[in-house]
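Here is a short note for a colleague opening this model. Please read it with the sequence and the 3D view side by side.

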Amino acid sequence: MILDTPKIAIQLVTYWTPSGQKEIERCLKALERLRYPKDRWALVIVDNPSSQGSASEYIQKEWFPKIGASLP
C-alpha cells in the first residue's frame, strides 16, 4: 500500500527588529532546502509589525519572486 504524501502548511510569524531580516532570511533559506514536494505544502507568512516597522516590504521584494521556483 502506497501512502500519499500529506499536504502540510508551515506558518512563519515575523516580527521586524534590527535583526529581524537575518532571522527571516535564515528561516526562508532553510525552507528552500526542504525536501518535501513543493505541491504538497504551503507557506503562510504572518507579518507581526513592530514599532520599528513591518517585514512586508522586504518579504515582497526578496522572497515573492521565488514563489513557484524554490518556494511553493
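1. How many positive and negative side chains does the protein chain have, and how far apart do the centres of the two sets lie? There are 10 positive and 8 negative side chains, and their centres lie 5 Å apart. Lys and Arg count as positive, Asp and Glu as negative; His and the chain ends are not counted. Each charge is placed at NZ of Lys, CZ of Arg, CG of Asp or CD of Glu.

2. A word on the basis. This is a predicted model, where local features need pLDDT of at least 70 and side-chain atom pairs count only at pLDDT 80 or more, while totals for chains, interfaces and linings use all residues. Residues are numbered from 1 along each chain as its sequence is written, and side-chain values use heavy atoms, with hydrogens and water left out.

3. The overall build. The protein chain has two helices and two strands. Their order from the N terminus is β-α-β-α. Helices (H or I, at least four residues) and strands (E, at least two) are DSSP runs, numbered from the N terminus. The C-alpha atoms fill a box of roughly 55 × 20 × 15 Å along the principal axes.

4. Surface and contacts. The accessible surface of the protein chain is about 5300 Å², and 54% of that belongs to carbon and sulfur atoms. Areas come from the Shrake-Rupley method with a 1.4 Å probe; for residues, only the protein chains shown count as cover. Of the 72 residues, 19% are buried. Buried means under 20% relative accessible area, exposed over 50%, and partly exposed in between (1.4 Å probe, protein chains only). Take contacts (heavy atoms within 4.5 Å) between residues at least 6 apart in sequence: 80% join residues at least 24 apart.

5. Look at T14 in strand β1 (residues 8-15). T14 counts as buried because its relative accessibility is 2%. Beyond its neighbours within four places in sequence, T14 is in contact with I24, I45, V46, D47, N48, A55 and I59.

6. Next, S50. This residue sits in the loop between β2 (41-48) and α2. Is S50 buried or exposed? S50 is buried, because its relative accessible area is 14%. Leaving aside neighbours within four places in sequence, S50 is in contact with Y15, W16 and T17. A polar atom of the S50 side chain lies 2.3 Å from the backbone oxygen of W16.

7. Last, S56, in helix α2 (residues 56-62). S56 is partly exposed, at 28% relative accessible area. The C-alpha atoms of S56 and V46 are 9.1 Å apart, with the two residues ten apart along the chain.

How values were computed. Polar contact = N/O pair within 3.5 Å; in protein donor to acceptor, adjacent residues only side chain to side chain.
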